[in-house]
Amino acid sequence: MDAFLTTLFAMVLAEFGDRPQILCAALAMRYGRNATIIWALGLATLLNCLISAIAGAAINGWISEEPLQLFYALSLIFAGLGMVAWRRRVDLLENWTLGPFWTSFIGLFILQFGDKGQFIVAATAARTDMPLLTAAGAWLGIMIACVPAVFLQRKLAELIPIGPLRYVGGALFLLVGLVLALGAWGII
């Protein structure tokens, strides 16, 4: 259950105000088909979470505990840096003509692939014997963060202070990642 809850809370925090959430809001405004956007988001996210969890599970057997803890720490540090640093503009896929489902599915899959969330999921799955619970927690966390953007669209930023939330979340990721890294190196 630890793997499920860890990734669930990490993904909720990491995805608020991030590019997938922004793209979900933009696609919902463009197409006005909320259910279709949510289905595409769910499937793209599930596929990315499963890929990450399977990769993490494969890493589990290759590396001892201290390097795994360092891998996890680095995933949190890089997530924290990504949350407090400048981000490039989100491509809103305005020139894509694949229709609401395929534009959303492919666009969100590509956007999430290799993102900080995938590394957190892989690092968490590498530290546990339950990679599917890790994937499930990550999927649910991303859905919790992104589905409100589909319904609230522009109002989301008015209701939730996304900027301060990202800075506080980024600082938390950096702090926890730094403590874990120092522990992995045997410093603390």
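## Sorting the pocket lining

Ala, Val, Leu, Ile, Met, Phe, Trp, Tyr, Cys and Pro count as nonpolar, Asp, Glu, Lys and Arg as charged, and the others, Gly among them, as polar. With that in hand, the lining of the largest pocket divides into 9 nonpolar, 3 polar and 1 charged residue. Please keep in mind that this is a predicted model.

The largest pocket holds about 240 Å³ of space. Of the 13 residues lining this pocket, Ile-22, Ala-25, Met-29, Gln-153 and Arg-154 are the closest to its centre. Helices α2 (19–31) and α8 (155–159) each supply at least two residues of that lining, and the largest share, 5 residues, comes from α2.

Setting aside neighbours within four places in sequence, Met-29 is in contact with Gln-153 and Arg-154.

For a sense of distance, take Met-29 and Leu-74: they are 45 residues apart along the chain, and 36 Å separates their C-alpha atoms.

## The enclosed cavity

Rolling a probe the size of a water molecule over the atoms shows where empty space is left. In this model there is 1 cavity of 30 Å³ or more, and the volume of the largest cavity is about 70 Å³. What lines the largest cavity? The lining consists of Glu-15, Asn-48, Cys-49, Ser-52, Gln-112, Asp-115, Gly-117, Gln-118, Val-121 and Ile-142. By class, these are 3 nonpolar, 5 polar and 2 charged residues. Helices α3 (34–60) and α6 (116–126) each supply at least two of the lining residues.

Thr-45 is another residue of helix α3. Thr-45 counts as buried because its relative accessibility is 0%. Beyond its neighbours within four places in sequence, Thr-45 is in contact with Gln-112, Trp-139 and Ile-142. Two of these partners, Gln-112 and Ile-142, belong to the cavity lining.

## Asp-115, a buried charge

Does Asp-115 have a salt bridge, or no salt bridge? Asp-115 is buried yet has none, and the nearest side chain of opposite charge, Lys-116, is 4.0 Å away. Leaving out neighbours within four places in sequence, Asp-115 is in contact with Glu-15 and Asp-18.

How many salt bridges does the structure hold? There are 2. In one of them, the side chains of Lys-116 and Asp-18 meet at 2.4 Å, N to O. This pair links distant parts of the chain, with Lys-116 in helix α6 and Asp-18 in the loop between α1 (2–15) and α2, 98 residues apart. Both Lys-116 and Asp-18 are buried.

Arg-166 also forms a salt bridge with Asp-18, and here the closest N and O atoms are 3.7 Å apart. Again distant parts of the chain are linked: Arg-166 lies in helix α9 (residues 162–184), 148 residues from Asp-18. Arg-166 counts as buried because its relative accessible area is 4%, and Asp-18, at 2%, is buried too. Through their shared partners, the salt bridges join Asp-18, Lys-116 and Arg-166 into one network.

How values were computed
Residues are numbered from 1 along each chain as its sequence is written. This is a predicted model: local features need pLDDT of at least 70, side-chain atom pairs count only at pLDDT 80 or more; totals for chains, interfaces and linings use all residues. Side-chain values use heavy atoms; hydrogens and water are left out. On a 1 Å grid over the protein atoms alone, a cavity is a set of points where a 1.4 Å probe fits but cannot get out, and a pocket is an open set with protein on both sides within 12 Å along at least five of seven lines; lining residues have an atom within 4 Å of a point. Grid points are joined across faces, edges and corners, and a volume is the space filled by probe spheres set on the points. Helices (H or I, at least four residues) and strands (E, at least two) are DSSP runs, numbered from the N terminus. Buried means under 20% relative accessible area, exposed over 50%, partly exposed in between (1.4 Å probe, protein chains only). Lys and Arg count as positive and Asp and Glu as negative; His and the chain ends are not counted. Contact means heavy atoms within 4.5 Å.
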